[in-house]
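Subject: Structure handover

Hello,

Here is the structure you asked about. Please open it first; my notes on it follow below.

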Amino acid sequence: MLGLAALAPGRALAAPRPVLGANIDLSLLDPAARSTALDRLSAAGVSSVRMQLDWSRAEPRPGKFKWEAFDDAVDAARAHGMDVVLVLGPCAEWAVNPAWQVPPDQRRNSVPKSPELWRNYVKAAVSHFRNRVECWQIREQPNARNFRGARSEYLALLIAASRQIRSLDPKARVIAPEAGYLDIAGIDHFLRSASARSAQIVGVYLACDPARAALPWAVLTNEIMASGGEAAGDASGPAADGRAGAALPHPREAGRARPVWVLGIQEGASPDACETDFLLAWAFGDERCYLPSDSISAEWTWALLGLTYEGFASPAPGAWMVFFSGPSGHIAVAWSSAETTICPPTKNQGTGEQESEKPAADTSVSPAPPAVEQELAPAPLKIGPRPMLFPAGDWLAAMRPGAPKRADVLASRGCADLSALPMVYMDLSMPQHPELGLSNRALRALGGGACVEEQRQGRSCVRTSMTSRQEELEQDNPWLYFDVDDSWLYYDGGKTRAVVTVECEGSYMGPKKLGFNILYDSTTGYRFTPWRWIEPGSQWRSYRVELSDVNFSNRDGWDFRINAKGSVQDLWVSAVTVEKAPTPEPAAAAWAGAPAP
Amino acid sequence: MSGKLWILVVFVLLGTLVALATPPAQAADYTNVAGLQPFAAESNYMSLAGYLRWTTFKEQGIWLSVPEAKRIVAEQIASAEK
């Protein structure tokens, strides 16, 4: 009989438990509330807190610093055995450039008017806290909402802060937060830039739905972070010992591989989703995971103490199971986006080498309580969004070692694999499957995308719903959003060109009255194709548009959109087809270091 | 209506409000308008800064100020020319 120790790949890839951190602004709490909160978090196994070092409060007037509230917060956390991550920013009110006319409620999200002011603040903060704080984050999720400036302006702040921090405290680590929610294209672009040398840690944020996170997370872990760095093949990245405050080795700055920290979950995520995200962070080998403090409870954190991650399984579409070994044997935690019943694998189920080795049969390494397993494991289980923990038993036969990979996540969805299709399309004139690998219907609730489905000249089609009235801007719907199936094309580092064919009705108002272009996700962000005028007439016409350097990763739930704004009439579209075209050699050469999807 | 039913209604309403207040996942970056012709159909006959302001409002629900939009467009054009 063979046990889990025989699963060599799983053992090699086993990731230590991520540091469990809490996002809590301790400096805003009174001493009693702070103590209560820290007691609760400490009892739940939290060993790090992340909080803002608010520039306006730390430096209420230029050059005049007030550290008392932050000193109390940092010292209280450290007294509870927790280390502290400080987030530098947002912009002090007095440091905003009045010429930029930022609305009063948005001023703190602005860019400081002078780099010198920012450097002074960073220098003062690091000088003050350097013996108590090791990790510094540069602003909170610098997306369009939180950072009203150009990308280069954010990078300038990051680089300036990093220089100050590392010159004052060479042991310190700088965290560069991503701007989106697992925006893998943005992270990849950043890691390929010279600015990446300014950060030792990449911080990510997770959207409310854990099911949405698994695919980009798998690509980030196994492909982006693993390429070109020493950690290639090791999903956990540079070694982490799983304890906060310990002397961690610095990542190799020249490489792309570096620790990933989950910095937060989108507002509104349920406690179950937070717990699930922590389990996924563990599976993907992330070094730390910071959750909203309210979502952390000893009820679930204690159950995970002393465990070692071993692998995962996807027992049903939308369902996940992660496996751990522990002092009392092997356990599994399962959850599903919707209520579902899963059945344990039969003896001849399983994958690859596990199938022949029958790992569940061996108890020589970590003897599990067989009586309990035999009693509970074989029965079908009803699972839902709340993670359920139980003895692994026969489920071990379904385990795949290591971190889930792209193919694993795609397979877990239980959807048809469309990768062999020559094209994907939306063709409303087809009686069945009007959408095959290309969806628009599910995206009509997105901003500006509420197109209307109707009949036109005997054909089913969708129509933009545009208005030119300023007072009706919110009812203006000039966009048709599309999402390409992930199994057909998903983030390959820009290697693929796509050809989009749009079938639409001619312009009834005459020449140069109706046109469109396409906004699509590329390796350097959303990009427009050249504008195309649609010929006049009542015939249906086809227009082919080539997209180079595509980077379809659903980062906002869509991959491209047809834009008709600029036309003086609405656009009727009956079919859209996307085909792949090979990329010319020079562009492919630039991506020679990227892994194959 | 019984007290329990009122409590249930309040909870449902609160839940709905929380769900509605949850912002959608937002675009990481501003839409790149660098390749567009200003004051033409493709920019809806606006300046590029004006067009960026309009798209940002449509996508994110926030209005950039004109000087902010000009800065962002200038960076997009500079990046495109590299």
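Two residues are in contact if their C-beta atoms, placed from the backbone, lie within 7 Å. This is a predicted model, in which local features need pLDDT of at least 70, side-chain atom pairs count only at pLDDT 80 or more, and totals for chains, interfaces and linings use all residues. Residues are numbered from 1 along each chain as its sequence is written, while chains are lettered from A and ligands numbered from 1 in the order in which they are written.

**Interface**

The contact takes 39 residues from chain A and 30 residues from chain B. Helices (H or I, at least four residues) and strands (E, at least two) are DSSP runs, numbered from the N terminus. On the side of chain B that touches chain A, helix 2 (48-60) and helix 3 (66-81) of chain B each supply at least two residues. Helix 3 of chain B gives the largest share, six residues. By type, that side of chain B has 14 nonpolar, nine polar and seven charged residues. Here Ala, Val, Leu, Ile, Met, Phe, Trp, Tyr, Cys and Pro count as nonpolar, Asp, Glu, Lys and Arg as charged, and the others, Gly among them, as polar.

**Confidence**

The predictor gives the complex an ipTM of 0.82 and a pTM of 0.84. pLDDT is the predictor's confidence in each residue, from 0 to 100. Chain B has a mean pLDDT of 77, with 66% of its residues at 70 or more. Where in chain B is confidence lowest, and where is it highest? The lowest mean, 46, is in helix 1 (residues 3-21) of chain B, and the highest, 93, is in helix 2 of chain B. Residues 11-26 of chain B have pLDDT below 50, and this stretch has 14 contacts in the model beyond near neighbours in sequence. Where pLDDT is low, the predicted coordinates should not be read in detail.

**Chain A and the cores**

Chain A has 14 helices and 28 strands. Of its 597 residues, 52% are buried. A residue is buried if 20 or more other C-beta atoms lie within 10 Å of its own, exposed if 12 or fewer, and partly exposed in between; C-beta atoms are placed from the backbone. Among contacts in chain A with a separation of 6 or more, 76% join residues 24 or more positions apart.

A nonpolar core is a set of buried Ala, Val, Leu, Ile, Met, Phe, Trp, Tyr and Cys residues joined through C-beta atoms within 7 Å. The largest one has 167 residues, and A:Leu86, A:Met321, A:Val322 and A:Val573 have the most contacts inside it. Helix 8 (residues 210-224) of chain A gives the most to this core, nine residues. Another core, of 14 residues, lies apart from it and includes B:Tyr30, B:Ala49, B:Leu52 and B:Trp54.

Helix 6 (residues 151-168) of chain A has 18 residues. From first C-alpha to last it reaches 26 Å, close to the 26 Å expected at 1.5 Å a residue. The expected span is 1.5 Å times one less than the number of residues. The buried residues of helix 6 of chain A are A:Arg151, A:Tyr154, A:Leu157, A:Leu158, A:Ala161, A:Ser162, A:Gln164 and A:Ile165. They are on the same side of helix 6 of chain A because they cover an arc of only 170° around the axis. The arc is that of the directions from the helix axis to the C-beta atoms. These buried residues pack against strand 3 (83-88), helix 5 (115-129), strand 4 (135-138) and strand 5 (173-177) of chain A, together with helix 3 of chain B.

Helix 2 (residues 31-43) of chain A has 13 residues. Its buried residues are A:Arg34, A:Ala37, A:Leu38 and A:Leu41. Their arc is only 95° around the axis, which puts them on the same side of helix 2 of chain A. A:Ala32, A:Thr36 and A:Asp39 are exposed on the other side. Cover for the buried residues includes strand 1 (19-23) and helix 4 (68-79) of chain A.

**Backbone points to check**

Most residues other than glycine have a negative phi, and most peptide bonds are trans. The peptide bond from A:Gly89 to A:Pro90 is cis, with omega near -10°. A:Pro90 lies in the loop between strand 3 and helix 5 of chain A. A:Arg139 has a positive phi, near 65°, and is buried, with 23 other C-beta atoms within 10 Å.

Regards
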